[in-house]
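Hello,

As promised, I am handing over the structure we talked about. Please have a look, and then read on for what I found in it.

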Amino acid sequence: MNVSPAAPPAVPTHCPYCALQCGMGLRQRPGGEALEVVERPGFPVNRGALCGKGRTAPDLLAPGTRLTRPLVRRPGRGLRPAGWDEALDRIAHVLSGSRDAHGADAVAVFGGGCLTNEKAYALGKFARVVLGTSQIDYNGRFCMSSAAAAHQRAFGLDRGLPFPLDDIPHTGCLILVGSNLAETMPPALRYLTQLRANGGKLIVVDPRRTRTAEQADLHLAPRPGTDLALALGLLHLVVAEGRLDEEFIAARTSGWPEARASVMAHWPELVERITGVPLPALREAVALFCDAPASMVLTARGPEQHSKGTDTVGAWVNLCLATGRAGRPFSGYGCLTGQGNGQGGREHGQKADQLPGYRKLDDPAARAHVAAVWSVDPDALPGPGRSAYELLDALGGDVKSLLLMGSNPVVSAPHASRITERIGALDFLAVADVVLSETARLADVVLPVTQWAEETGTTTNLEGRVILRRQAADPPPGVRSDLEVLHGLAVRLGHGDGFPTDPQQVFGELARASAGGPADYSGISYRRIAEEDGVFWPCPDAPAPDSEDGASDARAAAAPHPGTPRLFLDRFATDDGRARFVPVAHRPAAEEPDADFPVLLTTGRVLAQYQSGAQTRRVTELNAAAPGPFVQVHPLPADRLGVSEGDAVAVVSRRGRAVAPARIGTDIRPDTVFMPFHWPGEGRANTVTNPALDPVSRMPEFKVCAVRLEPLDGR
Ligand code: SF4
């Protein structure tokens with residue numbers, strides 16, 4: 001009788017891609033060395049569901065897909081394999097040379113929202129302590145920085161979602177602004193399905209009729225660049241129809257009179273004209289939102305990636321505050337962060353203006369606290385540096401050398417042809433990555449580093465839930481972790497014994513550095529994360545707060561702090577505990593259509609690809625499902641130009657051109673075309689996009705620019 005061997009136990013871990021950070025199990029395939037994904041139904045966020053990206057993630061581990069040896073460029077020639085000592089020696093030698101010749105700020109560091117909390121923390125410390133440079137930022141600046149800035153301004157604290165995803169089915173009306181969840185985070189669709197099954201209403205705001213918009217009770221399709229006016233128009237109607245929550249405004253907010261004045265200047269007919277959304281639809285949205293006993297607004301990149309992204313999010317926050325839909329159960333404003341560790345990545349010090357614990361770099365008390373953990377003089381820590389695009393744009397100017405980890409700006413940065421040119425002007429580029437990305441191909445030294453299943457570390461998902469990715473496989477020979485890279489460089493750059501390389505030890509230091517800060521991790525440990533399916537920050541190293549009736553409960557006092565799934569229920573994180581209205585006004589996009597560039601371009605994502613595509617383009621199944629870029633065009637402009645389905649079209653802006661086949665349909669406004677941005681080469685959408693920056697968040701305007709379409713006959 002044949003007895004099949006028992007399946008080995010699966011290691012509980014998380015998907016390497018988006019900010020949902022779905023739980024999954026990984027185990028060895030029977031009889032083979034490759035890993036396979038198994039369901040992890042107990043993890044509450046996704047209950048076992050995964051999208052195709054998560055399901056195929058083990059393909060990223062395959063030999064031949066990933067880098068396994070350091071590469072060093074021969075002068076004037078290509079990259080050749082090298083040993084680790086040679087590669088690290090060369091990086092340390094050039095970085096110290098740049099620093100000695102041109103000053104500490106001639107060396108820059110660029111990180112990524114894919115790095116674990118431990119790596120993000122170590123990278124920020126490395127930049128400020130070892131290199132002494134202020135020039136550090138990361139690609140998360142391109143992701144959620146406008147929402148983060150608006151959060152800080154209104155609530156005094158930025159956590160993407162101030163409540164767990166589990167609250168969504170219990171709200172009465174959800175306005176989803178510029179999020180195509182059905183393609184970016186398919187397992188999260190279950191929250192929308194449950195919401196509607198419970199009788200709740202879904203309003204989707206998107207210039208395209210996306211797969212998510214198809215599920216909505218009401219789809220509003222504003223002209224790209226007008227979400228701010230749309231929110232102001234809705235709030236105007238709230239005031240006009242007597243739907244304000246005066247009691248909430250008086251008790252829990254400040255600044256309403258000033259905000260009200262700005263709202264009343266945006267009368268609905270004007271908003272209808274600006275946005276193209278008919279007045280009856282605006283009225284219907286207000287009725288759905290205000291008639292429900294609880295309501296939410298969730299934004300994503302659609303309204304955020306604009307040169308007015310912070311004010312746009314602020315307008316949606318104002319709508320929530322004026323209607324009493326914040327700081328209450330099943331109500332509020334939240335941001336759906338995109339990158340895997342977009343949330344944690346912005347909390348631990350790889351952002352130009354921040355220190356660990358989400359502390360401000362220009363706050364003397366914050367500098368003193370973190371400097372004590374790092375055993376350095378606070379006065380020796382550099383000040384805030386440039387934001388991501390400004391930093392990339394300075395390459396080859398006063399920035400001579402760059403160390404880049406976990407990012408592929410050649411594909412993902414706005415005006416990518418300009419950024420590629422700036423990278424080419426550098427004296428020296430070192431890249432640590434898993435694959436030979438388009439940016440790594442330009443490097444002088446490439447370091448092959450471990451990835452998700454080959455290492456242990458924490459990330460923080462879009463809810464603020466700190467989770468643990470566990471190692472499930474040995475890394476291939478020749479590959480080291482980013483923590484080991486930073487250690488090796490720190491030693492070579494004269495930093496004594498270097499940096500810790502054990503992730504758990506780094507997490508302990510990170511938790512100490514965060515203690516007392518806005519994002520306090522000091523009560524979180526690997527053990528607690530494992531036992532509790534994640535812990536929501538803030539979680540101070542302190543006893544549980546008093547019991548709900550206010551009486552100090554001895555048992556509760558003995559228990560550790562449980563973490564904070566729901567923020568702001570009693571007070572907001574501002575000095576006076578009140579949420580702040582911020583007056584905002586509509587303004588046009590940085591680039592409006594004209595005779596030469598008469599069409600609006602908006603960019604985004606597709607189901608089977610992720611970010612710059614550096615990983616997903618290497619997965620056969622995903623590549624087959626989404627092999628290349630396309631230009632989504634409405635039939636009216638397509639007819640005018642004589643463009644048929646599949647014809648090659650050039651999308652031309654003031655910055656360059658991207659070429660892709662046309663995909664014609666009525667799911668997009670006639671005045672707008674759409675391109676996904678996951679590909680390099682002639683179909684690179686970011687060749688065309690506008691790097692105009694938001695004055696507060698320094699977010700570039702990925703989501704709207706003026707273009708013209710040129711049919712390419714014979715292609
Ligand atoms: Fe991974 Fe995001 Fe897909 Fe979940 S939704 S499996 S986290 S890519």
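Where is R29 found? Keep in mind that this is a predicted model. R29 sits in the loop between strand 2 and strand 3. It counts as exposed because 12 C-beta neighbours lie inside 10 Å, and 12 or fewer is the cut-off for that class. Apart from its neighbours within four places in sequence, R29 is in contact with A34 and E36. R29 and P8 are 21 residues apart in sequence, with 8.5 Å between their C-alpha atoms.

Now to the sheet around that loop. Three strands make up an open, antiparallel sheet in the order 1-2-3. From one strand to the next, the twist averages 40°. Strand 2 (residues 23-28) pairs with strand 3 in the antiparallel sense through 4 bridges; in one of the bridged pairs, G25 has V38 of strand 3 as its partner.

The largest nonpolar core has 185 residues, and I203, L234 and W316 touch the most other members. Helix 7 (residues 227-240) gives this core its largest share, 9 residues. W316 is in contact with V177, A231, V297, T299 and Y333, leaving aside its neighbours within four places in sequence. A second, separate core holds 27 residues, among them V633, A660, A685 and L709.

Happy browsing, and do write back with your thoughts!

Best wishes

Key:
Residues are numbered from 1 along each chain as its sequence is written. This is a predicted model: local features need pLDDT of at least 70, side-chain atom pairs count only at pLDDT 80 or more; totals for chains, interfaces and linings use all residues. Two strands pair if DSSP finds at least two bridges between them. Helices (H or I, at least four residues) and strands (E, at least two) are DSSP runs, numbered from the N terminus. Axes are lines fitted to C-alpha atoms, for helices over the stretch in contact, and angles run from 0 to 180 degrees between N-to-C directions. A residue is buried if 20 or more other C-beta atoms lie within 10 Å of its own, exposed if 12 or fewer, and partly exposed in between; C-beta atoms are placed from the backbone. Two residues are in contact if their C-beta atoms, placed from the backbone, lie within 7 Å. A nonpolar core is a set of buried Ala, Val, Leu, Ile, Met, Phe, Trp, Tyr and Cys residues joined through C-beta atoms within 7 Å.
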